[in-house]
Amino acid sequence: MTWNVTCTYSQHLASKYPSCCVSFSSFYNDTIVPCAKCACGCEHKTCVQGDSKRLAVTGKHAHTAAAVRGQHRDKEAPLLQCTTHMCPVRVHWHVKLNYKEYWRAKIAITNFNYHMNYTQWTLVAQHPNLDNITEVFSFGYKPVVSYGSINDTAMFYGLKYFNDHLMQAGPYGNVQSEVLMRKDASTFTFRQGWAFPRKVYFNGDECQMPPPDAYPYLPNSAPPTAAASLGGAAAAAVVVLLGMIVA
């Protein structure tokens with residue numbers, strides 16, 4: 001007798017909340033867009049306040065002290081550093097430099113879990129310019145052809161004996177690399193958040209992205225509310241100036 005077994009994995013069935021989040025920054029804007037608040041859920045999570053090793057419990061209903069100590073002793077349960085996003089892993093994408101024919105982005109992965117080391121981790125990012133990567137400086141890289149000839153997805157991973165282990169939360173709990181990409185003159189722009197990835201996955205799980213209206217914008221392309229305020233102020237200044245000229 002023979003039979004076929006099909007195994008499927010659902011992130012939504014495995015966990016109610018995401019297990020990672022994404023933050024953004026850029027050289028052309030001082031704004032750092034953090035992970036969304038409670039991106040990975042805040043209810044009933046035990047966390048540590050910084051490096052003090054002092055336990056705290058997030059959410060409206062705190063556990064008893066005995067329960068907290070019991071969870072702390074359980075090495076299988078995650079013990080997170082207290083953050084606003086409460087995610088075990090954060091991926092930060094920084095638009096670093098702009099050249100005539102190239103541009104450079106920096107990717108940093110930070111582990112906030114004191115009970116977990118990630119061995120042979122993988123990071124998958126989706127962006128239209130990932131089809132023209134010139135060099136990846138500190139990660140391994142493979143293109144992922146998702147839809148026939150459309151090659152907008154790349155898989156990054158650690159280099160053996162160098163950074164293929166993402167260590168537990170703390171001073172060594174991060175890995176980072178820079179990616180150099182050749183521009184396509186027909187599509188390249190820094191406007192409207194184009195330089196940031198569309199989706200990010202860590203170890204196969206999709207990460208929570210910031211809302212699109214929070215992306216860093218170019219200094220000469222302010223958000224609509226700011227542009228409206230500036231436009232109103234400019235119009236008022238013109239009226240005053242005309243009044244002075246008539247007088």
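Reply: Two strands pair if DSSP finds at least two bridges between them, where strands (E, at least two residues) and helices (H or I, at least four) are DSSP runs numbered from the N terminus. The model is a predicted one, in which local features need pLDDT of at least 70 and side-chain atom pairs count only at pLDDT 80 or more, while totals for chains, interfaces and linings use all residues. Residues are numbered from 1 along each chain as its sequence is written, and side-chain values use heavy atoms, with hydrogens and water left out.

The pairing to begin with is that of β10 and β14 (residues 174-182), which run antiparallel and are joined by three bridges. Within this pairing, I133 has M181 of β14 as its bridge partner. The two strands belong to an open sheet of six strands with mixed pairing, and the order across it is β2-β1-β6-β7-β14-β10. Because β2 and β10 (133-136) each have a single partner strand, they stand at the edges, and one side of each has no neighbour in the sheet. From one strand to the next the twist averages 20°, the axes being lines fitted to C-alpha atoms (for helices over the stretch in contact) and the angles running from 0 to 180 degrees between N-to-C directions.

Further along the sheet order, strand β6 (residues 89-98) contains R90. R90 has a relative accessibility of 26% and therefore counts as partly exposed; buried means under 20% relative accessible area, exposed over 50%, and partly exposed in between (1.4 Å probe, protein chains only). Leaving aside residues up to four places away in sequence, R90 touches C21, S23, C35, H85, A108, I109, T110 and F112, a contact being heavy atoms within 4.5 Å. For one of these, A108, the C-alpha atom is separated from that of R90 by 8.2 Å, although the two residues are 18 apart along the chain.

C40 and C87 are bonded with their sulfur atoms 1.9 Å apart, and the angle of 95° about the S-S bond makes the link right-handed. This link joins distant parts of the chain, since C40 sits in the loop between β2 (29-33) and β3 (46-48), C87 sits in the loop between β5 (80-81) and β6, and 47 residues separate them. C40 is buried at 1% relative accessibility, and C87 is buried with a relative accessible area of 1%. The disulfide of C47 and C82 likewise has its sulfur atoms 1.9 Å apart, and with 85° about the S-S bond it is right-handed. Because C47 lies in strand β3 and C82 in the loop between β5 and β6, this pair ties together parts that are 35 residues apart in sequence. The link of C38 and C42 (S to S 2.1 Å) is left-handed, with -105° about the S-S bond; C38 is partly exposed at 30%, whereas C42 is buried at 15%. With bonded cysteines counted along the chain, the pattern is 1-10, 2-3, 4-6, 5-9, 7-8.

Rings of Phe, Tyr and Trp (its six-membered ring) pair if their centres lie within 6.5 Å, and planes under 30 degrees apart count as stacked, over 60 as edge-to-face and the rest as tilted. By this rule there are 14 aromatic pairs. F24 and Y215, with ring centres 4.8 Å apart and planes at 80°, form an edge-to-face pair. F24 is in strand β1 (residues 20-26) and Y215 is in the loop between β16 (205-206) and α3 (224-246), so the pair ties together parts that are 191 residues apart in sequence. Both F24 and Y215 are buried. Beyond these pairs, F27, Y28, W103, F188, F190 and W194 form one aromatic cluster.

Seen as a whole, the chain has three helices and 16 strands, and 38% of its 247 residues count as buried. Among contacts between residues at least 6 apart in sequence, 69% join residues at least 24 apart.

Conventions. Disulfide = S-S within 2.5 Å.
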